[in-house]
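Let's walk through this structure together, one packing site at a time. Have the sequence and the 3D view at hand as you read.

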Amino acid sequence: MIPAAVVCLYLLVVLAIGLFARRASARQPDAEDFFLAGRSLGPAVFLLSLFGANMTAFSILGASGHAFANGIVTYGLMASSSALIIPLSLFVVGTRLWALGKRHGFMTPVQMFRDRWECGHIGTVIFAVQAILLVPYIVIAVIGGGTTLRAVSGGLVPFWLGGAVVSTVVMSYVLFGGMRGTAWVNAFQTVLFLSFGATAVAVIAAGMGGFRQAIESMLASAATAPLLTRERVSPLYFLSYTFIPLSSIAFPHIGIFCLTARRLEHFRRTVVLYPICMIAIWLPSVFLGVIANRALEVPAISAKVEARATLASQGPTLTPERRDALRATASGDDVILALVQGYAPLWLAALLGAAVMAAVMASDSQILALSTMFTEDVVAFYLGAARARDALLVHTGRLFVAGVTAVAYAIALVVPQSIFDIATQYAFAGYSSLAPLLVAALFWKGSTRWGALAVAVWTAVAVLAIAVLQSVVPAPPPGAAVSVLTFGGVEVVTRAAAGTMVLGFLPVVPMTLISALLMVVVSRWTPASRPGAATLARYF
Amino acid sequence: MAAALMAAALYALHQDFWFWREARPLVFGFLPIGLFYHAAYTLAVSLLMWLLVRRHWPAHLEHASDE
């Protein structure tokens, strides 16, 4: 019960931070104060909260789970590629977004797109695509909150109650604290993440009697030695992952976060320290996930290793139901929880519980972003400047936060998580595919609104097509691939256990490249739609 | 131009095919070389970012935002 008590304490602390942020805000906050913390975040909070907003539940649980099954490749796939692309995109795109936002009062990327390309309804289409891709993350967070509270309470707190508690806490501090509350909570959560990694490695190393022997025994076994290299993934698959971090700057909540810094100078430390934060969190998570393969004295981990061995040796001969059951047992998402419970003292297990809660509650900035977008891109835009007064916008934003949280909770109770797992998997590709919008808006005078529309429509169609394909063609056993589309003897689209592949690449690569191509081709076809000289002068 | 080339070079260095199938040497006795390489790569990225903000900082944006 101690971990459950610590998690409850944690929830109370973040609630208190949200309420404190409410007191620190203006008595009657205007829209800029509520949605962007008055563009006043200092350097430390800006770095920590931006980093925290980028870290989803995947960073601790998913990373170690992926590493447990796939080995050290996880770090190269997800951490080192993000460590390069995300700070670089903040440096190149984020700084310009910040300057334009401050100069022209933009509060969302869509406001900037509308102004830059002199369009109205096309901006609404972009808003709709962004919003639809964002919703699954919010639902996943509610499910994660319910599951985690049930796990740390030993089943005493049922899923529906855990989900309700977490949803209520997140809703409260977002609703009361707005962006200020969200940023402060994110900063607190990031500190928690950062303090967990190194501590967990030290304690688990002591519990396992050091790591040397475990690594040597992994190298001596044919089943585990490949986990210490990258021989199981192709270079094209590895390369594909460098496209996924392009999604970061295209996520509305990250774009909006870029507008919250008080000064441009605050980006300096953020881009330099971002890779350091990545290494501090991801290296321990990945290494512990890998080393868990030798923690066979922990019963939960031993059961996972056995299930995986059965899948590998008898996979094709098993019934689909048996295969699914074994996959569920072998899943590594809770492997770090099992490691900590096996080797660490209770206080660390409690700290982990709080860190896990922090991870699953990372939906706060997404809820606020959705609220900001709805209020500014839809309500304020269609009401017009004269009728969209600040008090009305803040009330609308708060109502939307409450509404979207309630809807996400209701969906989480009735829809299976697997659907949202797939949705979030391809939402990353969707946002990468939207990244050319920002690049074209900020750096190419010749881009037009029709090019922007082509990018948005293509992204929506591509994500939908992949979702349909994934649901129609079931995943084959690991190592096998089902040919879906062949052209001239070349397998163009295949369905593998890891997902859909296009010419050996993940879908994110063709999606992003075609998106960029569409922006260029369609813009060149529609030169008459280029914005006027006065508009271009504001940007170039 | 030099900054773009450095960023491109670092992007290319992410695809380290030379350590693809090797776990040894184990750095510090327990860290597979492929994992160590990417950890060191992450630190190199931080260094690149430091150079970028020192030499190519878009300071004009700060003033432009006040106009």
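In chain B, residues B:Ala3, B:Met6, B:Ala7, B:Leu10, B:Tyr11 and B:Leu13 of α1(B) meet B:Tyr37, B:Tyr41, B:Ala44, B:Val45, B:Leu48, B:Leu51 and B:Leu52 of α2(B) (contact means heavy atoms within 4.5 Å). By class, this contact has 13 nonpolar, no polar and no charged residues; Ala, Val, Leu, Ile, Met, Phe, Trp, Tyr, Cys and Pro count as nonpolar, Asp, Glu, Lys and Arg as charged, and the others, Gly among them, as polar.

Before going on, please note that this is a predicted model, where local features need pLDDT of at least 70, side-chain atom pairs count only at pLDDT 80 or more, and totals for chains, interfaces and linings use all residues. Residues are numbered from 1 along each chain as its sequence is written, chains are lettered from A and ligands numbered from 1 in the order in which they are written, and side-chain values use heavy atoms, leaving out hydrogens and water.

How do the two helices of chain B lie? The axes of α1(B) (residues 2-13) and α2(B) (residues 33-55) come within 11 Å and cross at roughly 170°. The two are therefore roughly antiparallel to each other (over 145 degrees). Helices here are DSSP runs (H or I, at least four residues), numbered from the N terminus; axes are lines fitted to C-alpha atoms over the stretch in contact, with angles from 0 to 180 degrees between N-to-C directions. In the loop between α1 and α2 of chain B you will find B:Pro25, joined to B:Arg24 by a cis peptide bond with omega of about 5°.

Now turn to chain A. Helix α8(A) (residues 159-208) and helix α18(A) (residues 364-383) pack at an angle of about 135°, with their axes 9 Å apart.

A:Arg39 lies in the loop between α2 (31-36) and α3 (43-54) of chain A, and its phi is near 50°, a positive value in a residue other than glycine. Most residues other than glycine have a negative phi, and most peptide bonds are trans.

Notes. Angles under 35 degrees count as roughly parallel, over 145 as roughly antiparallel, 65 to 115 as roughly perpendicular and the rest as oblique.
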